[in-house]
Every structure is written in structure tokens, then in C-alpha cells.
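Trainee: Could you take me through one part of this structure up close? I'd like to see how the contact between the chains is built.

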Amino acid sequence: MYQKTFGYRVFSVFNYLILALAGLLCIIPIIHILAISFSASAPANAHLVGMWPVDFNTESYTKTMNNPNFLRAFWISIGRTALGASITLAVITLGGYALSKDTTVFKARSRYAWYFVFTMWFSGGIVPLYIVIRNLHMMNTIWALVLPGSVAVFNMILLMNFFRATPKELEEAAFIDGAGHFSILFRVYLPLAMPAIATMSLFTIVGNWNAWFDALLYINDYRNYPLATFLQTIIVQQDFSKLNPDVNELKNISQRTVKAAQIFIGMLPVLVVYPFLQRFFVKGIVLGAVKE
Amino acid sequence: MGTTTKAIAGNEVLRQETDKSKSRGFLKRTWPLHIMLLPAVILQFIFVYVPLGGLVIAFQDYKPYDGIFHSKWVGLEHFKFMFDYPDIKQVITNTALIAGLKIICGIIVPFVFALLLNEVNFNPFKRTVQTLVYLPYFISWVFLGGILNDMLASDGIINTVLHNWFGVKESILFLGDGNWFRFVVVLSDVWQQFGYGTIVYLAALAGVNPSLYEAAEVDGATRWKQTWHVTIPSLLPIVIVVGTLALGNILNAGFDQIFNLYNPLVYSKGDIIDTFVYRTGILNGQYSLATAVGIFKSLIGFVLIIVGYKLAQKYADYKIF
């Protein structure tokens with residue numbers, strides 16, 4: 001038994017230490033930004049804050065929450081995420097189910113499969129897509145953000161594999177009972193596919209919340225920016241020109257503690273959603289990836 | 001499971017009824033399946049296939065005012081112009097160097113980490129570590145960029161720690177010095193991705209045949225020898241697959257990350273194809289040039305993906321379908 005040897009025990013101690021350190025390393029930046037956001041602005045500006053707030057106060061959050069530009073962007077992000085994730089989940093569930101049917105039953109299946117796989121490999125790039133969106137008069141609308149990437153082909157294939165792994169007998173029994181494809185999908189397959197659906201939800205919700213570049217291209221008016229794009233502009237690029245802020249507002253948003261609070265609120269939805277869906281996603285990915 | 005029992009019972013019925021059901025047309029009634037696929041087909045047509053046609057502007061002198069149908073045809077001029085552009089060699093070098101380092105580290109670090117994690121028998125600890133290390137993968141580079149800009153500033157926490165604990169006298173310009181910038185880009189990418197990268201290896205580790213370990217144990221192999229002679233050879237195929245498939249990303253150095261970290265000071269060492277195209281192509285309105293560079297990038301990526309698949313097929317017997 002190797003576990004009992006002295007050498008292995010020494011290794012084990014170091015191993016636990018290294019793993020714990022690596023785990024901490026992944027959240028230290030988040031803790032640091034959280035500590036700054038809850039500190040008073042003087043110690044924060046003097047760089048006295050480490051992992052714990054100095055002179056604890058919530059002023060930066062009050063300021064952030066009283067900033068109408070921030071709040072508007074926040075709600076746009078919520079709306080965009082809800083709409084985008086709903087569209088993606090609906091489209092890939094329906095598509096994944098249809099593609100999971102055998103070619104003997106559904107002759108056109110392989111043609112459809114190629115149609116989608118092709119789009120995974122080839123794309124026109126930024127400019128042609130931009131031209132299409134402009135010609136569809138989608139500029140400055142939420143549709144320019146939620147529609148172009150809504151068919152997540154890879155996730156659709158994962159779902160397809162998941163549906164395929166579901167025992168055929170269930171479908172046949174439902175069919176005997178007189179169910180059609182739509183009720184088989186919603187009453188038989190979906191309840192069984194909840195781990196996979198949870199995984200896809202995590203990815204699409206997080207993906208929509210985090211997306212920032214598309215709005216930089218397709219939205220001209222900063223008042224329609226989602227939060228990630230808004231923060232990208234004012235915190236990362238430090239470009240206030242679009243905002244036309246008055247002196248007071250400018251002083252507020254360029255404060256280190258307020259920046260930290262904005263970043264933390266920006267990450268918060270992901271931090272909240274993640275633990276709930278995390279236990280599903282490893283299972284979902286592995287199950288979906290396994291082929292028969 | 002009521003449904004299951006019903007299914008088994010139904011199976012008998014079905015066997016007799018198969019012919020009848022076919023004649024009733026259920027199995028051949030595929031129109032609901034076509035309807036289910038319709039939204040995805042339309043969306044992909046509008047947002048992928050139509051823009052593919054728009055690639056033609058790479059061979060035109062595209063002016064938004066004239067549109068695709070009335071812009072002047074210039075053939076390969078933009079491609080020539082691209083290779084004559086003074087900065088382009090540096091940009092391609094930066095891209096390949098940063099992406100290459102990311103690919104190599106992105107394979108080794110998760111692999112080693114998965115091996116270490118696999119030695120942990122105390123499950124709550126294992127799960128906690130996993131939860132923590134997967135997390136950065138889900139956070140946008142906008143926020144990570146905001147945090148790193150703060151932490152890596154000349155008076156930020158990293159420099160403070162280096163100064164107070166390690167006696168480093170002058171602050172290091174992590175994001176203002178080209179060489180440090182490359183280092184930060186690769187390191188922070190590994191930091192963000194390594195946890196997520198372990199998933200595939202952990203899955204493969206769970207699939208290693210336990211009898212191999214038992215046999216090695218009987219032969220008196222230490223854990224180190226078991227790792228070397230059983231675990232690593234068992235994981236090698238999946239490592240080869242991951243590595244070869246990553247080849248296609250040799251010109252994708254990570255637009256989101258670099259765009260949120262860089263500044264004009266580090267353009268010479270940190271500017272990559274995607275950021276270069278955004279600045280010179282999109283912001284300056286040279287749409288045809290931007291598209292031409294995009295085509296060049298896709299071509300290289302596509303060739304490498306094909307080569308990667310062939311290699312994966314040859315050495316690891318891997319097929320995507």
C-alpha cells in the first residue's frame with residue numbers, strides 16, 4: 001500500500017498545500033477588489049488595503065447605485081441575458097432533439113448536421129456581419145446583441161448526444177400513448193436532460209452577461225450599452241467622452257473604491273449563478289461529450 | 001419510474017405494432033422535426049451564411065456608401081498591402097509567440113494539476129478546490145482586466161508586496177513594459193483557464209482501468225512509478241488530442257484579454273492580429289483590409305486544424321464524428 005509509505009505522506013502534505021494555494025490564488029483578486037470596494041477612499045488611494053477592508057464603509061456602493069448610467073446599463077444586461085439565454089436554450093433544445101433522431105427515421109438529419117457543423121468552422125468575420133446587421137436595421141437594438149450568436153452549435157451537439165443516450169424505449173412508450181415529437185421532447189426528454197440543460201444555462205447566461213465587444217460594434221449610443229460594455233468603456237479604456245459627465249460624476253466614477261464596487265457588482269451575477277449550476281456542468285460536459 | 005416500466009411493457013406492444021405504426025406514418029412523419037430545426041436554420045443562414053458572401057469585400061475597395069454591389073474590384077491588392085504593412089511582421093510574431101506559449105502552458109499546467117488533484121482522497125477538499133479553480137473561467141476579461149489593471153499598477157498590490165516582502169526596490173511596470181506584458185498575458189491566461197482545462201483530464205483519469213494499478217501494486221511499484229508507467233501513458237492520447245486541436249488557435253492570441261490589458265506603450269510586443277485589425281481596420285474604416293486579414297487568419301487556422309485532426313487521428317485514433 002503506497003499510501004502508508006513515509007515518502008507518500010510527505011508528498012500528500014505538500015500536495016494539499018499546493019492545491020489549497022492554487023485554489024486561493026484563483027479568488028484572491030476577487031477578494032482584493034471586494035476589500036477595496038468596502039474601504040474608505042483615503043486608505044484605498046494610499047494603497048493600504050490588502051485582503052480586508054480598511055475603515056469599512058459602503059459609500060462606494062451607494063454612489064454606484066445612485067449613478068443612473070450604471071443602473072441603466074445593469075438592467076440592460078439583465079434584460080439582454082434573460083432574452084439571449086431564452087432564445088439560445090429554446091433554439092438548441094429544439095434543434096438538438098431533432099438532430100438526435102436516427103437517420104433511418106429522419107432522412108434529412110445528416111444534411112442538417114453538416115449545415116450546422118459548417119457554421120462552427122467558417123464565418124465571415126466582423127465586418128461582413130456588421131454590414132448584415134446594419135442592413136437589417138438592427139443597429140442600436142437588443143436584437144443585434146442576442147440574435148447573431150444565438151445558435152450555439154457546439155452546445156446543440158452536446159445536447160444531441162445527451163438526448164441520444166436517453167433509452168429509446170421511453171420514447172417508444174410515449175409514442176404508443178399517442179404522443180407526438182413535441183410532447184415527447186417536453187414530457188420525456190427534457191425532464192431527463194436537466195443536468196445538460198443546467199450546463200447549457202450556465203454557459204449561455206454567463207456568456208450573455210460577459211459579452212461586451214458586440215455592443216461596442218453595434219450600439220452607437222452609450223445609453224444602450226449593457227454593463228460589461230459600459231464598464232469596459234469607463235474603467236478599462238477610461239473613455240468618458242461618450243458620457244459627458246459633470247465634474248461631480250467624473251470625480252465619483254474615477255475613484256478607486258467606486259471602480260472596485262462597479263467591477264464587483266459586474267461580476268456578482270456570475271458569482272451567484274455559478275455555485276448553483278457548477279455541480280451540474282462537469283457532469284453535463286462529460287456526459288454530452290461521450291459518444292456511443 | 002412508472003415511465004420505465006411502461007416502456008418495457010410498451011416494448012412488447014411495439015414489436016408487434018412496428019409495421020402498423022410505420023403505416024400510420026408516425027416514424028415517417030418528420031415535419032415536426034423540420035419545424036424544430038427551422039429557427040436555428042434561419043438564424044444561421046442570416047448571421048453566418050449571408051456574411052460569408054460578404055467576404056467578397058476583401059477583394060473590393062469597399063465603401064459603405066457604394067455597398068457590396070457597387071464597390072470597385074481590386075483583386076488581391078489588400079492582401080499585398082497587408083504583407084507590405086511595416087508593422088505586420090511584428091504583429092504576426094507577437095500573435096504566434098503569445099498564442100504558442102498559451103497553448104503549451106495551457107496543456108501542461110492543467111495536466112499536472114489534474115494529476116495532483118487525483119491524489120486527493122478527501123472529497124470535500126477536492127470539490128472545494130475544483131469549485132475555486134473553475135471560477136475565473138466564467139468571469140469576463142472586462143472585469144478581470146479592470147482588476148489586473150488595478151493590481152499590477154506601479155503602486156498596486158503586487159508591487160507593494162514585492163517591495164515590502166521581497167525587497168524589490170523599483171516598481172515593475174507589468175503593463176507598461178513589453179516583455180513583462182507578454183509574461184503577464186500568458187500567466188494570467190493560464191490562471192484563468194487552467195482549472196477549466198483540468199475537467200477533460202479528470203474525466204480521463206476516472207476512466208483508467210483500476211486493475212492496471214492493482215497489477216502495478218502487486219509488482220511493488222511505488223505511486224510515482226504507477227503514475228509514470230500507468231497514469232501518464234493512459235492519459236497520453238487525450239493530451240495529444242487536446243494539443244493537436246489547439247494548433248488551430250496559433251493565430252488566436254486572445255482578443256478579449258489583450259484588448260482589456262494593453263495600452264500604446266506595449267503595442268510593439270503585445271499587439272496581436274485581432275487588436276491590430278480592430279484599430280486599423282474597424283476604427284479607421286479600412287473594412288476591406290480588415291476582412292482580408294480575417295481571411296488570411298482563417299485560412300492558416302483552417303489548415304492547422306486539418307493538420308491537427310490528421311495528427312490526432314494518426315496518433316490517438318481520434319475522430320470527431
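Mentor: Let's start with the polar side of things. Across the interface of chain A and chain B, 16 residue pairs are in polar contact, both at pLDDT 80 or more. A polar contact is a pair of N or O atoms within 3.5 Å; within protein, one must be able to donate a hydrogen and the other to accept it, and residues adjacent in sequence count only if both atoms are side-chain atoms. Keep in mind that this is a predicted model, where local features need pLDDT of at least 70, side-chain atom pairs count only at pLDDT 80 or more, and totals for chains, interfaces and linings use all residues. Residues are numbered from 1 along each chain as its sequence is written, chains are lettered from A and ligands numbered from 1 in the order in which they are written, and side-chain values use heavy atoms, with hydrogens and water left out.

The interface also holds one salt bridge, meaning a side-chain nitrogen of Lys or Arg within 4 Å of a carboxyl oxygen of Asp or Glu. The partners are A:Arg256 and B:Asp150, at 2.7 Å from N to O.

Now look at who does the touching on chain A. Helix 1 (residues 6-37) gives the largest share of that side, with 18 residues; helices here are DSSP runs of H or I, at least four residues, numbered from the N terminus. Sorted by class, chain A's side has 77 nonpolar, 17 polar and seven charged residues. Nonpolar covers Ala, Val, Leu, Ile, Met, Phe, Trp, Tyr, Cys and Pro, charged covers Asp, Glu, Lys and Arg, and the others, Gly among them, are polar.

In total, 101 residues of chain A and 89 residues of chain B take part in the contact, which counts heavy atoms within 4.5 Å. About 8,600 Å² is buried between the two chains, and carbon and sulfur atoms give 77% of that. Buried area is the accessible area (1.4 Å probe) that two parts lose on being put together, summed over both.

What about disulfides, pairs of cysteine sulfur atoms within 2.5 Å? The whole structure has zero, over all chains. Take A:Cys26: the closest cysteine sulfur is in B:Cys105, 15 Å away, so a bond is out of reach. A:Cys26 is buried, at 0% relative accessible area, while B:Cys105 is partly exposed at 26%. Buried means under 20% relative accessible area, exposed over 50%, and partly exposed in between (1.4 Å probe, protein chains only).

Definitions and conventions:
Helix = DSSP H or I, 4+ residues; strand = E, 2+ residues; numbered from the N terminus. Disulfide = S-S within 2.5 Å.
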